[in-house]
Amino acid sequence: MFAFMVIERVAAKYKFADANFLRSLLLYHALLSVAYYGYVAFNPSDSKFYYRKVLMNFRGPEWMDFYGTSTTFIEFVGYPFIKIFGFSYEAVMVLFSFFGFLGFIYFYIFFKENIKYKHKVFGFDLMTLVFFLPNLHFWSSSFGKGSIIFLGIGLYFFGISKIKSRIPAIIIGGFIVYHVRPHILLVMLVSSAIGFVFSSKGVSVAWRVFFLMCASIVFFFIYKNVLAAVGIDESELMTDGLDLTHRANELSKAGSGVNISNYSLGMQVFTFLYRPLFFDAPGALGLIVSVENVFYLFITMKLLGSWNGIKFMFTGSFYTKSALLSFITVSIALAQISGNLGIAMRQKSQIMILLMFVVLVFLDEEHQKKLNKQQLVRRRMAQTPIQPIEQATPNAIL
């Protein structure tokens with residue numbers, strides 16, 4: 001009911017919003033939520049442990065006993081619904097699935113505000129394909145980190161799309177991301193700062209300076225917590241650099257699949273983003289993900305397969321650069337700590353949509369260039385005078 005109310009509100013506020021598309025997206029998200037519930041019925045799931053810990057006062061009898069970052073924040077968000085309103089496990093799953101759907105709403109607005117044209121792949125609208133990728137919905141529909149961080153990232157990029165009027169969205173989105181994964185907010189802030197510094201399109205100098213000052217202040221206050229979240233002491237960072245191997249070794253024990261902690265960095269990132277493929281898919285779920293990964297590879301080559309695409313990565317707008325740099329840096333960070341292919345399948349769903357956005361903006365610019373060239377040709381043809389036959393030379397007549 002609330003989701004349909006949100007859709008009607010969005011359709012009324014934004015002229016570009018397609019209410020039928022969003023309703024279909026909601027039903028699809030609900031279907032994948034049911035599929036996830038069926039999956040956890042026969043497999044271990046963190047969502048069950050979160051629910052039990054809150055129900056049994058694992059961290060204490062008071063709500064604030066559960067306040068903190070990472071796992072504790074998920075329990076903190078779920079606490080009032082479980083302890084005060086008496087939500088069952090299924091009800092909390094539906095609630096967090098709703099949070100995940102809100103993330104799709106904010107990403108949808110972010111995409112539609114910055115992409116003008118439709119781009120087809122295999123005869124289908126590319127943006128529709130992106131928003132109906134099953135992996136995005138499957139891992140953002142449960143009582144856990146995936147759904148709520150997806151909402152936080154969606155809010156953050158929705159905010160920077162029109163920074164002047166959406167500072168609250170940036171703050172709330174950043175607050176959520178920080179409490180779920182502090183290191184992700186850190187790299188998003190750094191990426192956005194770089195995007196602002198090296199972009200001249202889309203935002204005034206005054207707003208760029210304001211954002212950079214705010215990002216610097218936030219960075220100062222959170223960087224120690226970020227290092228603590230990934231298990232690194234500040235003195236170790238100064239002497240040995242940022243090494244996340246030990247974190248990866250811990251997480252490699254937390255799930256199933258191919259152990260990637262011993263791979264080279266390049267292979268870790270490739271594996272994180274584009275595996276499993278058909279030859280190494282772990283089970284039926286892995287086969288479904290393999291189809292999606294082939295799609296990701298194909299779309300990535302749309303960007304990297306041409307000089308224009310490579311050049312675009314350096315010349316795009318600040319929010320495009322922010323999305324691209326966030327995607328790259330978060331991928332490198334998560335690839336090092338994912339530990340195994342099973343965890344990578346879940347974690348990459350939080351950021352692959354950023355790469356899809358960058359590719360769509362690139363295709364938009366290429367299409368705009370083509371239209372500009374066609375328009376220029378038509379203008380030149382219209383300006384070229386037609387020589388009367390009676391004044392033409394004999395050679396011209398022949």
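I take exposed to mean over 50% relative accessible area, and buried under 20%. The model I consulted is predicted.

**Helix α1.** I looked up α1, which spans residues 2-13 and has 12 residues. From its first C-alpha to its last I noted 16 Å, close to the 16 Å expected at 1.5 Å a residue. I then listed its buried residues: A3, I7 and V10. Viewed down the helix axis, these fall within an arc of 65 degrees, so they line one face of α1. In general, an α-helix has 3.6 residues a turn, so residues three or four places apart point the same way. On the other side of α1, I recorded F2, R9, A12 and K13 as exposed. I found the buried residues of α1 packed against α2 (19-41) and α5 (89-114).

**Aromatic pairs.** I noted 43 aromatic pairs in the structure. One of them is formed by Y39 and W139, edge-to-face, at 6.2 Å centre to centre and with 85 degrees between the planes. I placed Y39 in helix α2 and W139 in the loop between α7 (134-138) and α8 (145-161), so this pair ties together parts that are 100 residues apart in sequence. Y39 is partly exposed, with a relative accessible area of 29%, whereas W139 is buried at 7%.

**Arginine over a ring.** I checked R166 and found that R166 lies over the face of F158, 3.9 Å from the ring centre.

**Residue S331.** I located S331 in helix α17 (residues 318-337). S331 is buried, with a relative accessible area of 2%. Its side chain reaches the backbone oxygen of F327 at 2.6 Å. Setting aside neighbours within four places in sequence, I listed F272, L273, S326 and I351 as contacts of S331.

Conventions: Residues numbered from 1 in each chain as written. Predicted model: local features only at pLDDT ≥ 70, side-chain atom pairs only at ≥ 80, totals over all residues. Heavy atoms only, no water. Helix = DSSP H or I, 4+ residues; strand = E, 2+ residues; numbered from the N terminus. Expected span 1.5 Å × (residues − 1). Buried < 20%, exposed > 50% of the residue type's maximum accessible area, 1.4 Å probe, protein only. Arc of directions from axis to C-beta. Contact = heavy atoms within 4.5 Å. Polar contact = N/O pair within 3.5 Å; in protein donor to acceptor, adjacent residues only side chain to side chain. Phe/Tyr/Trp six-rings, centres within 6.5 Å; stacked < 30°, edge-to-face > 60°. Lys NZ or Arg CZ within 6 Å of the ring centre and 35° of its normal.
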